[in-house]
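Visitor: I am new to this structure. Could you show me how to read its features, one at a time?

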Amino acid sequence: GNDESKWSKYAGDPNYNILNECCLAINFGNPGATGFNKINQKTMDYMINEGPGREAFVLFWKLMAEAVVDHPSAFAVEFMNEPMTIYRKEAFNTWRAAAEVVNSIIPDMAVSFMDTGESSLIPSWAEKLASFLGLGIRIDKETEDWIKNSGTAYYAWHWYHSPPSTAEEAAKNALQISKDWNIPAFATEFGSCDVW
C-alpha cells in the first residue's frame with residue numbers, strides 16, 4: 001500500500017528484499033496483482049515515459065552492453081521480466097530506445113519486445129480492433145516499423161496456464177505477432193511442458 005514507514009524499513013540494507021515485510025509479501029507466492037499496486041504503477045510510469053526514468057533505464061542497458069561487448073556468449077537481452085503496465089505504446093517505445101542503444105554497441109545482439117506480464121494475450125486482430133475503438137494498446141507506427149526492419153528484435157513471451165487458457169492459444173498469438181512483424185518469437189519462461 002501507501003504506508004511509507006513500512007516500505008522504508010531496512011532501507012539501504014543489502015538484504016532489503018528479504019527483510020522488508022512489503023517485499024516479502026510480494027516475493028512469496030508472487031501474486032500477480034502486486035504488479036498493479038500504486039507504487040509499482042508509479043515506478044513503471046516513471047520508467048516507460050519520456051524523461052529521467054526512461055533515460056536511466058536506457059543508460060542501464062547501455063552500460064550492460066558495454067560490459068558484455070567482448071563476450072561471445074552474450075547474444076541477446078530481455079529488457080524486463082514481466083513488465084506490469086497497461087501502457088503498451090510507452091513500454092514499446094522504451095524497449096525500442098533500449099534496443100537502439102544496445103545495437104549501437106553490439107549491432108547483432110538480439111533485443112526483446114514484450115507485452116504486459118510477457119503474456120501473449122493480445123493477438124494482432126485485437127490490437128487493430130482496440131486501435132479502432134480508441135483503446136491504448138496500439139504501439140507507435142514508427143516503433144512497429146523499427147521492429148519490423150531491425151534484424152535484431154524478437155518477441156519474448158511467457159505462459160503459466162493463463163491467460164490465455166491454453167499453451168496453443170498463447171503460441172498462436174505469439175506466432176501471429178512474429179509473422180506480422182517478421183521477427184522470431186521466444187517463449188523465454190513457462191511453467192508447463194505444453195509450451196514445448
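Guide: Gladly. Keep in mind that this is a predicted model. A search of the whole structure turns up 1 cavity of 30 Å³ or more.

Visitor: What shows where empty space is left?

Guide: The general idea is to roll a probe the size of a water molecule over the atoms. In this case, the largest cavity holds about 40 Å³ of space.

Visitor: Which residues line the largest cavity?

Guide: Its lining consists of Pro 83, Thr 85, Arg 88, Ala 91, Phe 92, Trp 95, Met 114, Asp 115 and Thr 116. By class, 5 of the lining residues are nonpolar, 2 are polar and 2 are charged.

Visitor: Now the overall layout. How many helices and strands are in the chain?

Guide: The chain has 9 helices and 4 strands. Along the sequence they follow the pattern α-α-α-α-α-β-α-β-α-α-β-α-β. The chain has 196 residues, and 38% of them count as buried. Look also at contacts between residues at least 6 apart in sequence: 69% of these join residues at least 24 apart.

Visitor: How many residues are in the largest nonpolar core?

Guide: It has 38 residues. Those with the most contacts inside it are Phe 79, Trp 95, Val 102, Val 111, Phe 113, Ile 147 and Trp 181. Several elements give two or more residues to this core, among them helix 5 (52-68), strand 2 (110-113) and helix 9 (167-181). Helix 6 gives the most, with 7 residues.

Visitor: How is a pair of aromatic rings described?

Guide: By the distance of the centres and the angle of the planes. Here the count comes to 9 aromatic pairs. Take Phe 57 and Trp 95: their ring centres are 5.9 Å apart and their planes stand at 50 degrees, so the pair is tilted. Phe 57 lies in helix 5 and Trp 95 in helix 6, so this pair ties together parts 38 residues apart in sequence.

Visitor: Are Phe 57 and Trp 95 buried or exposed?

Guide: Phe 57 is buried, and so is Trp 95. Now turn to Phe 190 and Trp 196. They form an edge-to-face pair, with 5.4 Å from centre to centre and 90 degrees between the planes. Phe 190 counts as partly exposed, because its relative accessibility is 24%. Trp 196 counts as exposed, at 78%.

Visitor: What is Gly 191 in contact with?

Guide: Set aside its neighbours within four places in sequence. Gly 191 is then in contact with Trp 159, Tyr 160 and His 161. Gly 191 lies in the segment after strand 4 (185-190). From Gly 191 to His 161 is 30 residues in sequence, but 7.6 Å in space, C-alpha to C-alpha. With a relative accessible area of 46%, Gly 191 is partly exposed.

Visitor: One more residue, please. Where does Asp 180 lie?

Guide: Asp 180 lies in helix 9. Its relative accessible area is 28%, so Asp 180 is partly exposed. Glu 144 is 36 residues from Asp 180 along the chain, and their C-alpha atoms are separated by 9.9 Å.

Technical notes. Residues numbered from 1 in each chain as written. Predicted model: local features only at pLDDT ≥ 70, side-chain atom pairs only at ≥ 80, totals over all residues. Heavy atoms only, no water. 1 Å grid on protein atoms, 1.4 Å probe; cavity = no way out; pocket = protein on both sides within 12 Å on 5 of 7 lines; lining within 4 Å. Points joined across faces, edges and corners; volume = space filled by probe spheres on them. Nonpolar A, V, L, I, M, F, W, Y, C, P; charged D, E, K, R; others polar. Core = buried A, V, L, I, M, F, W, Y, C linked by side-chain atoms within 4.5 Å. Buried < 20%, exposed > 50% of the residue type's maximum accessible area, 1.4 Å probe, protein only. Phe/Tyr/Trp six-rings, centres within 6.5 Å; stacked < 30°, edge-to-face > 60°. Contact = heavy atoms within 4.5 Å.
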